[in-house]
Amino acid sequence: MHEHRRTPKAALIATGIVIGLGACSSEPAVRPSGSSQALEDLSCSVPESEIFVGAFRDGIPALTDPEMQLPGFEETSLWQDDDRVVGMVLGDQPIAVPLNIFWWHEIVNLDMDGYSVAITHCPLTGSSLAFDREPQGGVEFGVSGLLFRNNLMMYDRTGENESLWPQMSRGARCGPKDGQGLDMLPVVEMTYGKWRRIHPNTLVVTSETGWDRDYSSNGYPYRGYDDRSNPELLFPISGDIDTRFPPKARVLGVPEGTGGTAFLYSELNRLGDRAVVTMESANEDYVVFWDEEAWGAMAYHPTVDGQPLTFEVRSEKIVDEETGSTWNMSGQATGGELAGSRLEPIDEAYVAFWFAWPLFQPDIQVWSAS
């Protein structure tokens with residue numbers, strides 16, 4: 001499994017132009033184009049010089065309750081096993097949103113089974129996060145068209161006195177709700193083929209969105225932007241990019257305050273096709289599962305019903321030492337005494353490109369397989 005299956009078709013899109021997504025500007029934002037409220041009228045706790053206009057408001061249309069279907073149906077036939085998805089489990093129902101959808105929409109608002117969630121992915125920072133909308137009154141989030149440090153700035157499009165919410169800040173940073181955090185919900189990013197083998201009853205967002213977009217695997221609108229060694233960004237940042245690792249390398253991060261720990265996929269893969277990393281932190285201990293076939297990783301609380309578990313890899317399977325039960329990358333016990341049990345994910349853990357992590361978690365530490 002290679003982290004990037006697309007060969008760049010051309011040089012990076014010139015700064016200031018995002019093909020197919022709307023007009024952009026490489027100048028700092030003065031007002032959200034198309035918005036009813038000027039940026040200068042919003043009080044921001046982040047430097048406004050680092051906010052740029054990427055598109056007009058809702059020029060990238062967030063989806064609300066899009067059509068979902070089981071794998072194998074015509075409506076989901078466009079998705080290929082190597083496509084990446086953002087997966088989550090709401091109650092007992094697995095749900096997957098292909099990155100192919102997020103390239104064009106960035107936010108999926110879902111209301112189902114008593115949950116109000118926003119599943120989000122920013123193509124420019126490679127970041128996949130989900131938020132509980134209920135504490136914010138169930139407001140839907142839309143794409144403001146503004147970017148802070150190249151990261152999606154959401155806005156509460158069905159609420160009053162809109163605020164701006166940078167996705168990787170995980171809270172409002174401009175407007176009347178400035179300083180309010182968002183409750184995160186756990187998501188796992190992996191290949192579609194692996195996700196549906198783990199969750200054969202998953203619902204998948206279909207390509208029938210009502211918008212005329214190229215959702216195929218070849219429809220990526222940013223050309224070679226996500227090539228792991230491509231250092232170019234669409235908009236300037238303050239200071240230099242951290243060049244210790246390839247800028248677009250995928251990284252699972254577990255934030256803590258202004259720091260936390262970053263797990264590069266390439267480092268995890270040094271341990272083998274499957275790997276377990278046990279971590280001790282100031283807040284709580286956790287375990288990271290790695291699966292090369294899924295090209296994905298996730299962090300979990302290492303307990304089931306109050307019983308602490310210790311994990312290792314035996315014969316290319318993740319097992320716990322206490323019961324010998326086998327576990328998959330989604331934190332489910334697939335065999336043994338604990339079959340059917342599920343580990344609780346670390347809500348705050350999420351995936352993003354390497355360059356973005358130090359911009360939002362300046363004290364982050366990097367885990368090494370050495």
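**View 1. E284 lies in the loop between β19 (274-279) and β20 (286-291).** Strands (E, at least two residues) and helices (H or I, at least four) are DSSP runs, numbered from the N terminus. The model is predicted: local features need pLDDT of at least 70 and side-chain atom pairs pLDDT 80 or more, while totals for chains, interfaces and linings use all residues. Residues are numbered from 1 along each chain as its sequence is written, and side-chain values use heavy atoms, with hydrogens and water left out. E284 is partly exposed at 35% relative accessibility (buried is under 20%, exposed over 50%, partly exposed in between; 1.4 Å probe, protein chains only).

**View 2. A surface patch of negative charge comprises E280, E284, D285, E344 and E348.** Patch residues have over 30% relative accessible area and no salt bridge, and like charges are joined within 9 Å. Asp and Glu count as negative, with the charge placed at CG of Asp or CD of Glu.

**View 3. K194 and E293 form a salt bridge, with the closest N and O atoms 3.0 Å apart.** K194 is in helix α2 (residues 192-198) and E293 in the loop between β20 and β21 (296-300), so the pair links parts 99 residues apart in sequence. A salt bridge is a side-chain nitrogen of Lys or Arg within 4 Å of a carboxyl oxygen of Asp or Glu. K194 is buried at 9%, whereas E293 is partly exposed at 35%.

**View 4. E293 also pairs with R197 in a salt bridge (2.7 Å, N to O).** R197 is partly exposed, at 47% relative accessibility.

**View 5. R274 and E293 form a salt bridge, N to O 4.0 Å at the closest.** Shared partners join K194, R197, R274, D291 and E293 into one salt-bridge network.

Notes: Patch = residues over 30% accessible without salt bridge, like charges linked within 9 Å, V, L, I, M, F, W, Y side chains within 5 Å. Areas by Shrake-Rupley, 256 points an atom, 1.4 Å probe, with all protein chains shown as cover.
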